[in-house]
Amino acid sequence: MAKAQDIDVAPSEPYRHAAARVVRVRAAELFDAADGVLDTRDIERVHDMRVASRRLRAVLEIFAPCFPQGEFKGVLRDVKQLADALGERRDPDVHIDALTAFSKSLAAANKPGVARLIEELRARQSRANELLAAELDRAQQRGLHERLLALADAAEAEPEP
Amino acid sequence: MKARRVKGLDPDGTLADNAERIVLVRLDELCSFMPAAADPDEVVALHDMRIAAKRLRYVLEVTGPCFGPYAKTATKHVKELQDLLGEIHDCDVQIPETSAFAERLQGADAAALREAAGAADDLEPALLKQAPHAREHAGAAALATHLRARRLLLFDRFLELWAGYERKGFPARLEYAVSERSDVHNSQAG
């Protein structure tokens, strides 16, 4: 799993300056993890992107007061929607992986039932992958990365007197 | 579970002062699920505790270096707790899914056997061999049993883990740590 980048923070730096820096890093991590995420043969890719989406969502919530509220709410909603789509894909991935490992230690008489359940989960995985593909397109069309960077810029800008 | 609102956050204040407020609220939120979550039937409390652990973990991951050294230890504890609660949650999701799967197999077989019986007065038990999913019931039952037993085991581990944290004074030590300020990165402040 891709480890989140350590971000230097200083106790005495302004909250909003930290917000800008942390959101830029976590947003880059999310979009960097998008490569090959729809390939169901390598489930670690969707796992990495899902974890990145959770970290990004978490930092948006931690630094929420630092952002212009109108833009922030829309961006947070879109990040949540993308995170949900990643979660829907990840759930059958995990279940299939666990069942495949579990099946190896089963008596022969118990294997067909587990194989049948895996088959059902593969269908669910495929449907979830289609939804994720649509959600990735939507995030791109709505300029989610650019909007996240704009939020970071706004947090960093000196407040008007 | 909706996160509890953190009052008094100030974008122009320091990161550490704001993060301290957030950590204290998230820590209180986490601890508030005990002792309710110690009841194995309180699935919702345990699920909410997992979400609370996740929120505390992420705020500590980002802001932990601002605080005293125990913040790093606490981050590891919270991650361990969140991972374990996640494993229990997976069981709580998969147990009903597996039951529903077994139910679907039984329902499909019952319908098929009814059709096979045709105009008979009663259902011949020997027909069971012809059930389309006859070979699959055993696996579904074995999986359900495994998941239930694993849930019991993981839950016992959770109780031990939490008791250990309490013995080590985890909440009080984290509260103290967030009142301290590290000096490692002070040169970066600006």
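This is a predicted model: local features need pLDDT of at least 70, side-chain atom pairs count only at pLDDT 80 or more; totals for chains, interfaces and linings use all residues.
1. Residues are numbered from 1 along each chain as its sequence is written, and chains are lettered from A and ligands numbered from 1 in the order in which they are written.

2. Leaving out residues up to four places away in sequence, F63(A) touches A19(A), V22(A), V23(A) and A155(A). Contact means that the C-beta atoms of two residues, placed from the backbone, lie within 7 Å.

3. Helix α1 of chain A, residues 15-32, is worth a visit next. Its 18 residues reach 26 Å from first C-alpha to last, close to the 26 Å expected at 1.5 Å a residue; the expected span is 1.5 Å times one less than the number of residues. Among its buried residues are A19(A), V22(A), V23(A), R26(A) and L30(A). A residue is buried if 20 or more other C-beta atoms lie within 10 Å of its own, exposed if 12 or fewer, and partly exposed in between, with C-beta atoms placed from the backbone. The buried residues of α1(A) pack against α2 (43-62) and α5 (144-156) of chain A, and also against α1 (15-31) and α2 (43-63) of chain B.

4. How do the two chains meet? In all, 37 residues of chain B are in contact with 33 residues of chain A. On the chain B side, α1, α2, α3 (70-117) and α4 (137-167) each give two or more residues, and the largest share, seven residues, comes from α4(B). That side divides into 17 nonpolar, 13 polar and seven charged residues. In this count Ala, Val, Leu, Ile, Met, Phe, Trp, Tyr, Cys and Pro are nonpolar, Asp, Glu, Lys and Arg are charged, and the others, Gly among them, are polar.

5. Within chain B, follow α3(B). Its end C-alpha atoms are 70 Å apart, which agrees with the 70 Å that its 48 residues should span at 1.5 Å a residue. Just after α3(B), G118(B) takes a positive phi of about 55°. The contact of α2(B) with α3(B) divides into twelve nonpolar, five polar and six charged residues.

6. Two loops deserve a glance. In chain B, P35(B) is found in the loop between α1 and α2, and a cis peptide bond joins M34(B) and P35(B), with omega about 10°. In chain A, G36(A) lies in the loop between α1 and α2. G36(A) is partly exposed because 13 other C-beta atoms lie within 10 Å. Not counting residues up to four places away in sequence, G36(A) touches D42(A) and R45(A).

7. Finally, D97(A) sits in helix α3 (residues 69-104) of chain A. With 14 C-beta neighbours inside 10 Å, D97(A) counts as partly exposed. D97(A) and I43(A) are 54 residues apart along the chain, and their C-alpha atoms are separated by 9.0 Å.

Methods:
Helices (H or I, at least four residues) and strands (E, at least two) are DSSP runs, numbered from the N terminus.
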